[in-house]
2 protein chains.
Amino acid sequence: MDESAGPAQPQPDRRTRRKDAERNRSALIAAGSELFDAAGLLPTLDDVARRAGVGVGTAYRHFPNKYALAQAVFAETVETMLEAAECAAKMEDAADGLAAFFEAVLEPQANKRALGKLLRGTPTEDPGAGNVQARVKRCIDQLLQRGREQRVIRADVATTDVGVLMSLMAHLIETFGDANPRLWRRFLPILLDGLRADAPTSLPEQPLNTSAFLSRLTAG
Amino acid sequence: MDESAGPAQPQPDRRTRRKDAERNRSALIAAGSELFDAAGLLPTLDDVARRAGVGVGTAYRHFPNKYALAQAVFAETVETMLEAAECAAKMEDAADGLAAFFEAVLEPQANKRALGKLLRGTPTEDPGAGNVQARVKRCIDQLLQRGREQRVIRADVATTDVGVLMSLMAHLIETFGDANPRLWRRFLPILLDGLRADAPTSLPEQPLNTSAFLSRLTAG
DNA sequence: ACCAAAGCGGAGACACGTCTCCGATACGGC
DNA sequence: GCCGTATCGGAGACGTGTCTCCGCTTTGGT
């Protein structure tokens, strides 16, 4: 989401980088990967710098803050996750697709402890996050529309409702993941059964609109 | 949970308190109530002191930290909540009882913005919290046992599973509550339908044991 | 009215995370 | 090998929240 943005290098001057700078940048990403996997987003950029064997100033010159580093660390993981989610959204059976979609989105978050907080949005503005959110939204929209046509998902579920459920499962992973990293799988059937079309109840209250959902997601 | 612990005053010396001290204590609780309702547990004990018109030192002499103050502020609310939950646990139909139980536990959290974080556990050790947790656990146990007998709740749901779901709903309230304080009601049917006995799937993975659940609840 | 003790107030010590500044250093074109 | 400059490193400034210390004030019993 920062590197590898496409052919015909869009970064104007990133080629001119001294090799010690390149080495340090790589060391920072490697150290960040280790520390973030071990302890979520808790480690300080100062911590990462120390682990990488470089000075704090160096760390802050390469990445304006911890979240920018995390973004670089998890760029590939996010892209892989999105592709899996988009693949799930294309499945014939919408119920299966929804299950696969949750699987695709949650499994990486359970493996990479810092990914969840990063996806929820960085405190600072983040140009790449909007793109991720748009792609996820498209998946959910496809699944819900097809699920209604196939009468397998309750008709009154909105896009942001699925988003809220995703954020709840992500919270589950962050809170209880260190007790059992696969615990979220125990709750996925409960959730999916609750979303089935043959539910005996209907949903009260209005769903959140997209911007209200996104702004809270980012804040929380 | 701090005051009003029963007849025959158990506090040995709290009667000997000068009336200016008593006045300040009340002012602190009143100010805390206002600030916590408006902004959750974010306000500093220093903030509360300023709002109450007393010095910081006074605040810290009456309450060792912010959480102790919050506990005093919400003591009655918590007791009311517990009584409602225990009442719900006694309902004939266990499915109705479970719905009422969630209602009883979540509604106060939606009204009092700081209550959720307080219930989840204070950073410092909290003798009263264990009591609350025990009473809630008893409610859930009763409901689940009866729900299994009546074949209205899926048999593989454990006590801590309900606890996890409570914590997820509390998270929903804290994250999206300011967009719509009643949004949690929209997700309650999804959750309850997912817990019905006629669910077509069974739950994978083992449930958390109680101590693992509680320690994560407190940490998160 | 007096005074010992309870209570008050708020400056400031402390801890922690974030980020900047600038003298020292290493790179790489010549 | 030389030199201009990109880069480095880490002390420390800054912001924020928590909590303590101690000189001053108020209370309430005598």
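**Figure 1. Secondary structure and overall dimensions of chain A in the predicted model.** In this predicted model, the secondary structure of chain A consists of 10 helices and zero strands, so that, read from the N terminus on, its elements follow the order α-α-α-α-α-α-α-α-α-α. Taken along the principal axes, the box filled by the C-alpha atoms of chain A is roughly 65 × 40 × 30 Å. Of the 220 residues in chain A, 44% count as buried, and among its contacts between residues at least 6 apart in sequence, 69% join residues that are at least 24 apart.

**Figure 2. The surface near DNA strand D.** DNA strand D is surrounded by 22 residues, of which the closest are A:Val54, A:Gly55 and A:Gly57 from chain A, together with B:Thr44 and B:Asn65 from chain B. Two or more residues of this surface come from each of α1 (19-39) and α3 (56-62) in chain A, and likewise from each of α1 (19-39), α2 (45-52) and α3 (56-62) in chain B. The element that gives the most is α3(A), with four residues. By class, the surface near DNA strand D divides into six nonpolar, seven polar and nine charged residues.

**Figure 3. The surface near DNA strand C.** Around DNA strand C there are 22 residues, and the closest are A:Thr44 and A:Asn65 from chain A, with B:Val54, B:Gly55 and B:Gly57 from chain B. The elements giving two or more residues to this surface are α1, α2 (45-52) and α3 of chain A, along with α1 and α3 of chain B. Here α3(B) gives the most, with four residues, and the residues near DNA strand C comprise six nonpolar, seven polar and nine charged ones.

**Figure 4. The contact between chain A and chain B.** In this view, 31 residues of chain A are in contact with 31 residues of chain B. On the side of chain A that touches chain B, at least two residues are supplied by each of α8 (159-176), α9 (184-194) and α10 (210-219), and α9(A) gives the most, with eight residues. That side of chain A has 18 nonpolar, seven polar and six charged residues.

**Figure 5. Members of the largest nonpolar core.** The largest nonpolar core holds 126 residues, and those that touch the most other members are A:Phe101, A:Met169 and A:Leu172, together with B:Phe101, B:Met169 and B:Leu172. When neighbours within four places in sequence are left aside, B:Leu172 is in contact with A:Val164 and A:Leu168 of chain A, and with B:Leu183, B:Trp184 and B:Phe187 of chain B.

**Figure 6. Helix α4 of chain B and its kink.** At 1.5 Å a residue, the 24 residues of helix α4 (residues 66-89) of chain B should span 34 Å, and this agrees with the 32 Å that separates its end C-alpha atoms.

**Figure 7. The surroundings of B:Pro108.** B:Pro108 is placed in helix α5 (residues 94-111) of chain B, and it counts as buried because 20 other C-beta atoms lie within 10 Å, where 20 or more are required. Not counting residues up to four places away in sequence, B:Pro108 touches B:Thr77, B:Met81 and B:Leu115. The C-alpha atoms of B:Pro108 and B:Ser167 are separated by 14 Å, while the two residues are 59 residues apart along the chain.

How values were computed:
Residues numbered from 1 in each chain as written. Chains lettered and ligands numbered in written order. Predicted model: local features only at pLDDT ≥ 70, side-chain atom pairs only at ≥ 80, totals over all residues. Expected span 1.5 Å × (residues − 1). Bend = angle between axes of the 7 residues up to and from the residue. Near = placed C-beta within 6 Å. Nonpolar A, V, L, I, M, F, W, Y, C, P; charged D, E, K, R; others polar. Core = buried A, V, L, I, M, F, W, Y, C linked by C-beta atoms within 7 Å. Buried ≥ 20, exposed ≤ 12 C-beta atoms within 10 Å, placed from the backbone. Contact = placed C-beta atoms within 7 Å.
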